[in-house]
Structures are given as structure tokens and as C-alpha cells.
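Here are my notes for someone opening this model for the first time. Have a look at the picture, then read on.

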Amino acid sequence: MLTQQLTCLLLCLWLVNSWHRVAGSIGDGRLMWQKPKPVPISLEQSLLHDTFPPGFLWGSGTSAFQTEGSWDQDGKGASIWDHFTQSKMDNVAGDSYTHWEDDVQALEYLGVKSYSFSLSWPRLFPDGNAKSPPIEPAVEHYNRLINRLVEKQIEPIVTIHHWDLPLVLQETYGGWKNETLIRLFGDYAAFCFRTFGDRVRYWLTMHNPYLVAVQGYGMGVHAPGETGGLAASLVVAHNLIRAHAKAWHTYDTHYRPAQKGKVSIVLGSHWVEPQKGQSTATDVHLCQQSMEAVLGWFANPILGDGDYPSSLKIKHGGLLPVFSNEEKLWVKKTADFFSLSFGPNNLRLGRNLPHFGQAVSPDLRRILGWIKLEYGDLQILVAEGGWFSEASVGREDTVAIYLMKRFINNVLQAVRLDGIRLLGYTAWSLVDGFEWNYNYSVRRGLFYVDFTHPNRTRTPKTSAQYYRQIIADNGFPQVEPSSEVKGHFPCDFQWGIADSTLQVRFYPYSPQFTDPNVYSWNWTGDGSLHAIPGVKLHTKRSQCTDYLAIRNHLNLFASTGATHYRFALNWSLILPHGDLSSVNVEALRYYRCVLTELKKLDLEALVILYYPTRKAPHLGLPEVLHGCGGWLNYSTVEAFQDYASLCYQELGSLVRYWITVNEPNRLTDIYSDVNEQHRAAHNLLLAHAKAWRLHERMSSRQQGAMVSLALHADWAEPANPFLLESHAAAVERFLLFELARFLDPLLSTDDEEKQGKGDYPLEMKAYLKERARLMGQPSSPLPTFTKSEREELKGALSFIALNHFTTRLVSPNTGQQNHPGNHDCLILSDPTWPSSNMGQALVPWGLRKILRWVTERYGGARPIIITASGVDDQAPVKDTMRQHYLKTYLQEALKARQLDGVNLRGFYVWKLQDDHIPQYGLFSSTHHQSKAKASIDVYKQIITLSGFPKDASLHTCRSSEVRPACSFCLWMSKNKALTVFGCCLMLTAVIFTALVFSTVITRRNYMKGRKSRVNIMSRRRRGRGSSLLM
């Protein structure tokens, strides 16, 4: 019997514990910040490819005041918003009261399963009193709408009150400050349930009461425009909560048994994360408080324990109204599902709430997880999801597509990965309308409304087309993964590592090479060294091997297995005055030592003459040249030729690959004036061509050396899949300005009609000329080359050098005027692409596309080398993202070679070592002991196999030449003094041991000899004794 009772007790405890796990617990939401943030779905794709459960309510929504218009038609009464905005709008909006059938057709176009709309309280009851007869045309209007929705099998989700309070209630009672409105709202809700409830399964009592209380009665930004501050907001919120509870109880008692519907309230919120990802106990506490101050303010009483969060009680003290014990029980659990509004109104307002290191984040998945932890495993309806576009955007709302993609995929991840029970998603809003305090300056509709047309014509935006596609697919169906190719790169492929300007460390590790003094130690008894006067020694000139910094640096490089090292010279250091009047021979000698030591290791260098920096004040130029206008002055072109000549003479015998200028297309971005951008690009091209021709003339002494310039070459994709023609044209124009502007003057294109013949692309010239004409400019801002300059430019490129990191989305800039000299494109990024901490999207296939584009335009005669490619990774050692980056990007590089016929001859990883914190380096910074990261092994394996062969055992290219990392050698090199000291100790120990051993042997021999002598003497004595006896 006792055993049975114990079993029952344990079963009850288990059930109670299980119920708590399902029900959630107030305060458990803080676990969202304590546990690790969800990682991307995979490193290949952060977008979850899956579908939503059957029966998921895809929907769209509107509110009465924003879209109905007809503000005084059929006896409608004034609302507080009519009064608040009477001088700010025309009160017609989208005129959905008249054109409701057009709205239904829009819903049919989308293929939605639900439509969320609100009833207008003052349209039904102008005086706000639902005990009086309603306005019959209004009742008929809503009946027609609901009946048509039911006929079309579209679920009506009806909001009873969306902010448009009858004006008479505000003027008579003071609006929601007066608890009389609780009764009046209850009567109004009862009328709605009674009149429309036989066809409505989902009711929402009111929409986002937080904004009503704070913006309407506290700050005065919304109607009724009162500025009562915190005290007023707290009273209004208290009454709104109780009004909702009354409506819920009315339905639960009188209408639920017959209608079997569900009732909830739409609660709006922001989401916050600790800045810099530091989830300390203090950060978590502050984030939890921030959520409780907005969402918890209403959700705790309604879906929690019937009372306000403790943090609000502590913060507001006596200002916060108090629920009686009876009210707590009455308010508690008065929502049949959780209804969430997650849009710009709350997120914008939320920017003023976070303090002490918090950051607002549009992460819908995280807030859904917080709701589940805090309030239990309820069904959740996203009753408002979406963003806004500027009114000037019109129908081509490209940005809205990607925000929608992100929000909906967040919801899908919450469903499939976190077990959230989602009822549906309501894309807000169906049509353009009046956007509250933003008036008509922004638009949120899926359908564009022409407010100037009397019929308020509705036209689907591209976001509507995208939403329609998602609904038809019921989410994001699986896509066929890209197949991996097997094969290898050629044996002379340049496996490189790229760095920026190499830092020159002038002094060797020991002062013996620079200090001629002889010292005595402790001469005065103070334990110090003192130079002996009059005694000087001849110092030995330091050798390249004496520069410890060079040896350490190149030992790190050699340990990776790479064959080529890209680094830049410091122009301003070598020629501090910008000309040959002052040459820093020591800097040149240091660079020569680096190159000499590389040769000893059988490694090659790719050397950059000019590495522009975006840092003030000189952009990497000698100060004198920058002061004279820099690249806007032709004298810099001539100075660069002198500088290049010096470098070729001093270092040319050790360098096979030269880059004249690194990323001139990024350097021009620094200039704010478009004319200056074109002038700088023009002079940079001329400087490169002169340096190339100079090298050509000197090449008899440097056989096989090659010269190029390196361009930043990210791929571009059309941003909007529903406007392919205009967006594809924008992509082509973007690539012309980014790449062809620099390559066309140097190379012949495969299309004779587009062939520049030592000049800029013809398409680019024509575009800029037309733009200038349309904008009333006298001529194109593009400079012209002289005949001799064109001859100098043609063919002045030995190979094509590209720095590739990511892919951009490009769209035409249709929303605002631009300068006639720009490509007039907007640059976007897909927020669902996997990205690094610094925001770099990982898009491996973009590398293959940019290589194919360059090859198609310029042919395959000249080799292409990727001279920099990499990604930042915060991991100190296990840099998983970089490992994935190397594998996938090099796989795409192999596809470009094997499948597309691209003459790709090298790939350089950016970069060797971190400067400070973990970022792009294959090794940590010297401050962090230059630790090798895991990605080195990945890169080394690919190098060893020369790619991705089918059978690694059959491929022997360079396998014997790859140098394994010698950690002991690196340690020895870094701790030379300690090594010498250890050797001295060891030698001393050996000598001491030998001395002891010698002493012992000598002693032993001595003792043996003595004993032998004693024995001899003893025998002699015995012999004498015997003689005497005889």
C-alpha cells in the first residue's frame, strides 16, 4: 500500500513538473540570453529550407482607420484619429470602405488563408454606446466583407478596436484614462460577437495597447495627442487590460459555447540583445527588464500570473496601479492564444528603451522563443509582421522582399527547430494606407495604392509577388545542393597568402650590430653596465639572417605549405619626400632581406608597389605628394614611375610577380566628388600603364616577371527576381564601373563592338553621356585619354589580379536623384545569407560567377589570379567559418577551371596573422603567441592534394615539397637567448660531468696503482724474509 502511495506521489510530482515545463514560468525568458545564440542552419546556408505545417494561416491585414477612408460616409462618427489628423490628411486613404471588393481580389491574388481587419467603433456607433442602435450601412458593409471572405474560404480574423476610439468618448470621459470605458468596450465587444461571431473564429480585442498608452496618452505622438507622461500611460494601460479581460469573459460566458471561437489581444514588442554578445548576469537582467517593460507589461497580467512584472513594480512604485486579488484572478489567462505584433512601430520606439549596452534586434525567432519560455507552450499568431518602405520607392520594394524573407524564415525556424506552435503569419499590410504619425511618407502595403487616382487603384508590389510565391510553396522548399567536383589544380598553381604593407623593423635582434661600445659591469658597485671611455670596436653589419622578425614571420608562412607570399612595400617609407632626392636604403635593404630569405625557402613573392589605405592623412602616399593633390594631380603619376623604377632596380631580381596598385576601384571611393573619383581613376590607370611599360623595357634583366594591378572584384546579383530586366542591367552597369573601367583600357574584349582599344568601355561612356544630357550637364564627367596614352594603356597587363570576398545584391536607384557620374545602383545584401561577425556574406558561388564574367569579356589568354580572399572569424583557434570558406570557395574555383574553362592560376588567402583580436588571420597575433588556427590544416591539405582529387593517393604534385610546420624550430627561433643559456648550462653540466668522471677514474687508477705498489712491496718484504731464513 505504501509503495502504491509513493508511486502516485511521484507520478503527481512528475505531472506537475511536466505541466510547468509546458506552461512556462514568469522570468524564464532570461534563459534566451543565457544559452548560446542559435547558429546558422548550416555554414552553407542560414536560410532554413522547409515547409510550414498543414493548416498554417497565411494572411495579410489592415486596420479600419488606415485604409477605410469614407470618414463621414453613411453616418460614421469622428474618431480621435480623425480629430488628431484633421489638418494632416485627406481622410480618404485607400478608401477600402468603398473598394472592399478590390481588397478581396488582392487577397485572392496572394492566395492567403486569412484576412485580419478591424471594425471601426465610431462607424458602427458614432456615440460609442453599443446599447444604442448601430449604423446599419456599417453593419451591412462588414457583413458583406465577412460573407465574401467565407465564400472565398479566407478566414476572417477580426480586431474589435484598432486605436480609432470614438471622439465623443475622449471628450466626455477623457478616453482610456477613465475606467468607464471598460464597461463601454465590453458592450461594444458583445455587439460584435453577437452580430458577426457566427462566421468569425478568431477575435482580437485590441491592437498593441502599449502604443496607445505610451504614444497616445504619455508622449502625445499618437491620438489623442495627450502628454500625460508615465502616470497617464500606466493608468491607460491598466484600463486597457481590464477592458480586454471584460471582453474575453463576455465571449467565454455567452458566446463560446455556440460559436466555438477564440479570443486574444495583439501585443507589440521589440527585441533586445546584449551588445557585443556579452551575456553577463547584468546584461541578461537588463535585457529581461527591457522586455518586461514593453511586452511583459501587458502579457504578464493577461497570460501570466495576473499581475505586473516585479521589475515594473520596483521601477514605478506607487505610480503603478494595483490589481486586487479578485482582479488578478479575473484578468489572468484571458487569451486563448498569443498574438504578437512585430513591426517598425515597436522596434523604432524600442530604440529609446535599451540602456547599458543593449541593442535592438529584429530577430523574430528569438522573441518567439522568449514568449514560449515566459508564458508556456501556447499557440502564437504573428498578427503583424513586416516593415516599411519610403513612399518614393513605389512598386519596386526590393528591400521589403529580403526583410520579409528574413522574418518568415525566422518564423519557420521557430516552428521546425524550436518547437514553437505557430497559428499563422499576417503580412502587414495588405494595401498602402495612412501610417499614423508618419502620415503618407512611408508605405507598408503589399499592394501599391495610387492616392491621386479617384479609384485608388491597387497594384501588386514585388513584395506581393514574393509573398504569393512563399504561400504557394508553403515556405521554402528544399533546393538541390550544388554538387562537388573532383579534380586538381595544375602543379604550378600559386597557393598564396596575402598581407597588406609589410612592417619594416630596422634593427636586428642583438645590439652587437649597432653598438660599438665595450662595457664593464658593476664597476661602481651599482650592478650596471658602463661604457669604457675611449674604447670602440668595429661593428659587424647585420645580415639578413640576423633579423629575427623576418625569420619568425617567414617561418610562420612556410609552415602553412603555401608557395607564394603577397605583401606590399611602403612607398612613403622608401621615398619620404616622394622623389629620388631621399631614398631610405635601409628600408629597401630590409625588403631585400625578406625576399632573399623567401628565395632560400624556395618560396615566391608577389609584391605590391602601392597599397592605398583609407586612413588619414595620406592614403598611403608620401606626404608631399598627398599635399599636392595626390591622385588628382598628374605629378603623382610621374612620381610613381620613378618609385617603380627604383623598386624594379633594387628588388627586381628577386620578384617574379608585381602588382602596381592594389584595389584602385576602392581608392576612388574615398573621394566624395564624382568628378574627382573619375580623375583619380584616370591617373591611377596612367600610373599603372607607365610602370608596366617601364618594367617591359627593363625585363631583359628580369626574365619571366609579370606585372598587373589588383581590383576588388565582388560578384553582383540582380536584387529583385521579379524585375530581372532592369536589375540585370543594373548589375552589368555596376560591373562596368567596378571592373571594366580599369580592365577595358588595358585589355581587348571578346566583343569587337564593345572593345575599348585602350579606352573606357563604350557602354559606360554612352551611359554617362546620356545621364549628363538628361540632368542638364554640359558633358560627361569621364576624362579622355590622348592617342599616346591609349597606346601606352593597350595590353599593359600581364595577368588579371582579382581580390574577391563576397557577393552583393544590386538594384537600380529609382528612389532618388543621383550624380550623373555614378553607376546609379543601390548595393544590398541578403540577410538570410550566412555572414561573418563583420557582416561579410559567405557566397561561394559568387567567385565562380565573377571568374566566368571576366573570362567571357576578356577571353582566356591571360591568366587570372585571386590575389586576396578570406573571411573574418572570431574563433581564437577553431575557426570553423574560415575552414568552410576555404573549402567552398576553392571548390568553386576548381569548378571555374574545370567546367567553365577559366584560366585560373592562383589563389591567395587573406591573411597570415591577426593584428590584434581574432579576425582574418591564419595565425593569432603575436600578443596571443602566434597560435596556428585550425584552418591552416584545411588549407595545407588542399595544397598537398592540389585541390580535390578523386583518389588522394594517386596525386603526388608538390607533395614532397610541402614543408611541415616545425613548432620546435619556431620556439627555438623565438627564444634564442634562452636557448643559448640552456646550451651553456648543458655544456657546463657536460664538462662538470666529464670532470667528475675523470676525477673518479683518476682516483680509481691511483688507488689501484697504490694497492699494486703495496702488494709488490709486501712481496719483496716476504722475499727478503725468506732469504734471511735461508
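1. The lining of the largest cavity splits by class into 10 nonpolar, five polar and four charged residues. Here Ala, Val, Leu, Ile, Met, Phe, Trp, Tyr, Cys and Pro count as nonpolar, Asp, Glu, Lys and Arg as charged, and the others, Gly among them, as polar.

2. Before going further: this is a predicted model, where local features need pLDDT of at least 70 and side-chain atom pairs count only at 80 or more, while totals for chains, interfaces and linings use all residues. Residues are numbered from 1 along each chain as its sequence is written, and side-chain values use heavy atoms, leaving out hydrogens and water.

3. The structure has six cavities of 30 Å³ or more. A cavity is a set of points on a 1 Å grid over the protein atoms alone where a 1.4 Å probe fits but cannot get out, and lining residues have an atom within 4 Å of a point. The largest holds about 150 Å³, a volume being the space filled by probe spheres set on the points. Its lining takes 19 residues, with W387, A400, M404, W428 and R444 closest to the centre.

4. Helix 18 (398-418) and strand 12 (421-428) each give two or more residues to that lining, and helix 18 has the largest share, four residues. Helices (H or I, at least four residues) and strands (E, at least two) are DSSP runs, numbered from the N terminus.

5. Now to helix 7: its buried residues (under 20% relative accessible area, 1.4 Å probe, protein chains only) include H141, N143 and L149. Among the elements covering them are helix 5 (100-110) and strand 4 (155-161). Just after helix 7, Q153 takes a positive phi of about 60°.

How values were computed:
On a 1 Å grid over the protein atoms alone, a cavity is a set of points where a 1.4 Å probe fits but cannot get out, and a pocket is an open set with protein on both sides within 12 Å along at least five of seven lines; lining residues have an atom within 4 Å of a point. Buried means under 20% relative accessible area, exposed over 50%, partly exposed in between (1.4 Å probe, protein chains only). Contact means heavy atoms within 4.5 Å.
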